[in-house]
Amino acid sequence: MKKWLVVLILGAAQFVMVLDSTVMNVSISSVVSDLDSSVTAMQTAITFYTLTMAATMLLGAKLGDIWGRKRALVIGCIVYAIGSLMTAFSPNMTVLFLGWSIIEGLGAVLVIPAIAALLADNYEGRERITGFAAIGAVSGAGVAAGPLIGGFMTTYFSWRYVFVGEVVILLFVVIFAGRIAEKAVRQSIRIDLLSVLLSALGLVGVVYGMLQSKVWGWIVPMNPPVVNGVEIAPLGISLSAWLIVVGIALLALFFVRQRRLVAKGRDPLIHADLLSIRQLRSGLSVLGGQYAIIAGLFFMVPVYLQMTLGFDALQTGWRIFPLSISLILFSIFGTRLSTRWSARRVVRVGQWVLVASAILLLTAIDPELSSPAFGIGMFCAGAGLGLLASQLGNVNMSAVTAKDTSEVGGLQGVFQNLGSSLGTALIGSILIGALASSFAGGVAQSTLPEQTQAIVNERTAGGVEIVPASTVHKIATDAGLSVEEAAELEAVYVESQLSSLRTAFFGLILLALLSLLVSGGIPNEVPLPRPARAPTASA
């Protein structure tokens, strides 16, 4: 037991890092009601929780090199606990956004790279593979337990208690952190603030542009923001498109900046040449795709279950449970497979299972999401994700030497959280955008009088808000529609929500296929560490 105490401590920290987003996803309707907010605001909070981490993860990894990885772990846990307490006692969405999306995110950027680096410091060979697989299984446990813990607490008590519980777990990590060995020597380096700004602003631009596409449109402006009576749509192009383009340009400048710093003998925020390692590049890309799929699934399915079918948080958690439990089981099974199969074979099998499960889920959609095929599809999706989780941590860390593990830990955090941000933003925007277009089409094809259609179109000109289907009838009658017209409008809205869910699942299929295309660099044998890279002048 003593040998695996480090895995237990780091696993506890990892569990908290994963738990948050899954808890929030099954508690969407309760949080919206409690804080008098909206699903769109929750989508923004969920997206920015992971975006904050993605935007500052490289800085967090670099601070770990300066302070020491163990100290970074402790400081990160304390900052995260402060954010959890703010979230637990938040009176409105603004305080929740600050405590959860920002402060917790800033704490996580210190914790996540430290977990990967400290695990690599404390174990070698087969034990290291087992350790990373255990952390992957813990992540799966967080994904599995999150919906049930969040569902139970939200249904019978309050979602706020979950965040108090996180503080207790992090207190355990801080108390026992002294039992973790640390081999890496602290570095005396200077952090380039321009690099931090370029990477953060670039990532925010790309993700926020995707997030707002449901409102502003992808290219053709739909409902552009208005400042002092002037619509903001430069050259007649949606502001979303401009944000994405500017974000990509800033990221390109970031990599140019890193190469120039190395050429001058200064320490970059990240060594860009790490991404020239094919194994690492493939591992990180597949990792990002894995988290995008998880985030997309864990946003769109709970939204439909709660806002259309009226499920409470616990019912939602149970409906997601097949995916959660299979993710854990196949994380463990994938570890066993790695003794006989190459990492690439395990990953490719997992990816094909994901593609097949996404297609099965699309074909199994019915108004209640209660068919056996849907449950089987969710279980198979978890199986594919579990196989990926069992391999990717070790694939990435074994692509470099011990000197670069902290940096790779930071990169893993970036791709995990960037994938989650993009998954929530992209799939959420597809879901909400498809709802708006489907609802508009349904109203146009309905038997509602033209005057009634005009009223509906006027009220939804700025987009269609996701609301519980059971409330549509009252909203319609309050707007002046007759009882018969309100009933027909409710039926149109329910069918539109189902149609938008199908569209979002098709988006998941495309994500799974795209992830398959970038997995060619995963090694065909158990990966071995690469030779040491020549240090920079300052190192």
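Me: Where is S342 found?
Reply: This is a predicted model, in which local features need pLDDT of at least 70 and side-chain atom pairs count only at pLDDT 80 or more, while totals for chains, interfaces and linings use all residues. Residues are numbered from 1 along each chain as its sequence is written, and side-chain values use heavy atoms, with hydrogens and water left out. Helices (DSSP runs of H or I, at least four residues) and strands (DSSP runs of E, at least two) are numbered from the N terminus. S342 is found in the loop between α11 (313-337) and α12.

Me: Is S342 buried or exposed?
Reply: Buried means under 20% relative accessible area, exposed means over 50%, and partly exposed is in between, with a 1.4 Å probe and protein chains only. S342 touches P523, N524 and E525, leaving out residues up to four places away in sequence; a contact means heavy atoms within 4.5 Å. The relative accessible area of S342 is 12%, so S342 is buried.

Me: Which residues does S446 touch, not counting those up to four places away in sequence?
Reply: S446 lies in the loop between α14 and α15 (450-459). With a relative accessible area of 14%, S446 is buried. Its contacts, not counting residues up to four places away in sequence, are Q453, E488 and V492.

Me: How far apart in space are A364 and V492, C-alpha to C-alpha?
Reply: A364 is found in the loop between α12 (343-363) and α13 (372-397), and at 7% relative accessibility A364 counts as buried. Apart from residues up to four places away in sequence, A364 touches S371, A373 and F374. A364 and V492 are 128 residues apart in sequence, and their C-alpha distance is 21 Å.

Me: What separation do the C-alpha atoms of A13 and L73 have?
Reply: The place of A13 is in helix α1 (residues 5-26), and A13 counts as buried at 0% relative accessibility. Leaving out residues up to four places away in sequence, A13 touches V111, I115, V173 and also L73. A13 and L73 are 60 residues apart along the chain, and their C-alpha atoms are separated by 8.8 Å.

Me: How many of the 30 residues of α10 are buried?
Reply: α10 reaches 43 Å from its first C-alpha to its last, close to the expected 44 Å; the expected span is 1.5 Å times one less than the number of residues. α10 is largely enclosed by the rest of the structure, because the number of its 30 residues that are buried is 27.

Me: How much space lies in the largest pocket?
Reply: Rolling a probe the size of a water molecule over the atoms shows where empty space is left. On a 1 Å grid over the protein atoms alone, a cavity is a set of points where a 1.4 Å probe fits but cannot get out, and a pocket is an open set with protein on both sides within 12 Å along at least five of seven lines; lining residues have an atom within 4 Å of a point. Grid points are joined across faces, edges and corners, and a volume is the space filled by probe spheres set on the points. For the largest pocket, that space is about 770 Å³.

Me: Which helix supplies the largest share of the lining of the largest pocket?
Reply: Of the 29 lining residues, the closest to the centre are L203, F415, L418, G419 and L422. α8 (193-216), α9 (239-263), α10 (278-307), α14 (405-445) and α17 (483-517) each supply at least two lining residues. The largest share, eight residues, comes from α14.

Me: How many residues of this lining are nonpolar?
Reply: Ala, Val, Leu, Ile, Met, Phe, Trp, Tyr, Cys and Pro count as nonpolar, Asp, Glu, Lys and Arg as charged, and the others, Gly among them, as polar. The lining has no charged residues and seven polar ones, and its nonpolar residues number 22.

Me: What is the phi of D36?
Reply: Most residues other than glycine have a negative phi. D36 lies in the loop between α2 (28-34) and α3 (39-67), and D36 is exposed, with a relative accessible area of 72%. D36 is not a glycine, yet its phi is positive, at about 50 degrees.
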